[in-house]
Amino acid sequence: MVASATLMPPEGPPAKSGQSLGPLISGGAFGEAPHGQFALVAGRSGDHPSVYQTLINVFQGPSRSEFQSQLDDPFYEPLDRLLVRRGHRVLSHLHLTRRTMRFGQSKLPIAGVHWLATLPEFRSQGFASRLLLEAERRIAADGGLLAVVRTSIPHFFARHGWAICGRQSVAHGEARLVLGHLQRECADRFARRLSIRLWRHFELRALMRIYEQNIQLAYGPLHRTETYWRWLINRKAFDTLLVAIDGRDRLELDDATAPIVGYAALRQGRVAELLTAPGHPTATHQLLARACAESVERDRRELIVHAPIEHRLHDLVISAGGTYCNTESSRGEVSMMKIVDPAKLLAAIAPELDRRAKQAHWRRDTELGLCVDSASWRLLYTRTGIRVRGGPLGRHRLTMSRAELTRLICGRGNVRETAAAGRIRAATKEALNLADVLFPKFELWRPMWDDLTAF
């Protein structure tokens, strides 16, 4: 029989690189090493070769270029890898990344969970669960508010309180048909022809400007610093990066006078990201036409376009006989999230909640109580905005699990439908009315480019 143990997350701050986080299991009948010692440790640079070999054994990947790009991530530290190790051999692995997500008027520090893996001969020992618990503790200690993962095993994460959040918004079409449609139906839009060419490295700030113009008050896109932008481009996870030029294509080192009005990142017939500056509607059509031409030239029949829901890119592909897909799952994977610190997250999104309360013309001193698992908070609307308070709850309160709170905050659930299904209990009808205002249903959207892996 296999030994089992109940493993609790250790207390205290995150360990330093290479430091043990406490013995996982020592001795006992454990797979092929009955007398071995298993420990959960924070990674160190010397573990990288063993980590890579473990990932290759489990996933047959990543590529060496992708693994190196992980090490080159400007926010990466070796201790971002959590390991179950016996001696120098890595038996189980989890990689954390640090990011910032745009959430309406707020910016939220989040952490990505990647490459959770256990060698086949050491599975069913609780290693992955223990790593995940330690990762959540680490995220909270580092100030992260949300944990994010893309996974093909949602049932595993659901057992740990994670919730499916976000959908994939993708249009599929035939490159030749879409190109022909753009040439026939949209010829009148091309009265002012733009110059479409490959991007140059000194034009980075133009891309940054266009990206920021498109994600103002959006839900889901990552906040990209200049350092992150350089890493994103240098990791070479795309085939082609195009820019649209309005006017003379001159050598402009000053972004204030640069005539770039749009860009598109392409990968193997896939439009991973296509964004244009406001006031230049034809840039979308002309960049898409060039993307189609690139696919035709490379003898790729299918065109796949990733864009926000209701973006006109989808309409252009559908009009040419394409199809649109808006589903939770893409290529067998779903996006899942978990709130690691509900009180701090509610405080961080208070400006967004305050905006919604003002639009609904709430009266001052309106209060909604939230009872989440064993904790409770009051959302109080004051003269200075929404405030998060502890203490006894009033009449108008909701009771739910942390997974349901995650769905509500991330726009995934409708509070009335969830209450009707029995996953949320409302003390009063007014509590449902208040929650309808603070937690409306919306779609999180994250550009595909951030999730592409290097060749």
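Strands E9 and E11 (residues 240–245) run antiparallel and are joined by four bridges; strands count as paired if DSSP finds at least two bridges between them. Within this pairing, Ser195 has Ile245 of E11 as its bridge partner. The model is predicted: local features need pLDDT of at least 70, side-chain atom pairs count only at pLDDT 80 or more, and totals for chains, interfaces and linings use all residues. Residues are numbered from 1 along each chain as its sequence is written, and side-chain values use heavy atoms, with hydrogens and water left out.

**Seven-stranded sheet**

- E9 and E11 belong to an open sheet of seven strands, ordered E9-E11-E12-E13-E14-E8-E15 with mixed pairing; helices (H or I, at least four residues) and strands (E, at least two) are DSSP runs numbered from the N terminus.
- Its edge strands are E9 (195–198) and E15 (323–327), each of which pairs on one side only.
- Neighbouring strands are turned by 25° against each other on average, direction ignored.
- Helix H8 (residues 281–297) packs on this sheet, touching E9, E11, E12 (260–267), E13 (270–276) and E14 (302–306), where contact means heavy atoms within 4.5 Å.
- The direction of H8 makes about 160° with that of E13; axes are lines fitted to C-alpha atoms, for helices over the stretch in contact, and angles run from 0 to 180 degrees between N-to-C directions.

**Five-stranded sheet**

- A further open sheet has five strands in the order E19-E18-E17-E20-E21, again with mixed pairing.
- E19 (385–389) and E21 (425–426) each have a single partner strand, so one side of each is left without a neighbour in the sheet.
- Two bridges pair E20 (residues 397–400) with E21 in the antiparallel sense, and Leu398 stands opposite Ala426 in E21.
- Helix H14 packs on the sheet, touching E17, E18 (375–382), E19, E20 and E21, and its direction makes about 90° with that of E17.
- Helix H12 (residues 402–409) lies across E17 (366–372) and E20, running at about 120° to E20.

**Asp450**

- Asp450 lies in the segment after H14 (429–438).
- Asp450 counts as buried because its relative accessibility is 7%; buried means under 20% relative accessible area, exposed over 50%, partly exposed in between (1.4 Å probe, protein chains only).
- The Asp450 side chain makes polar contacts with the side chains of Arg224, at 2.9 Å, and Tyr228, at 2.7 Å; such a contact is a pair of N or O atoms within 3.5 Å, and within protein one must be able to donate a hydrogen and the other to accept it, while residues adjacent in sequence count only if both atoms are side-chain atoms.

**Whole protein**

- The protein has 14 helices and 21 strands.
- Of its 455 residues, 52% are buried.
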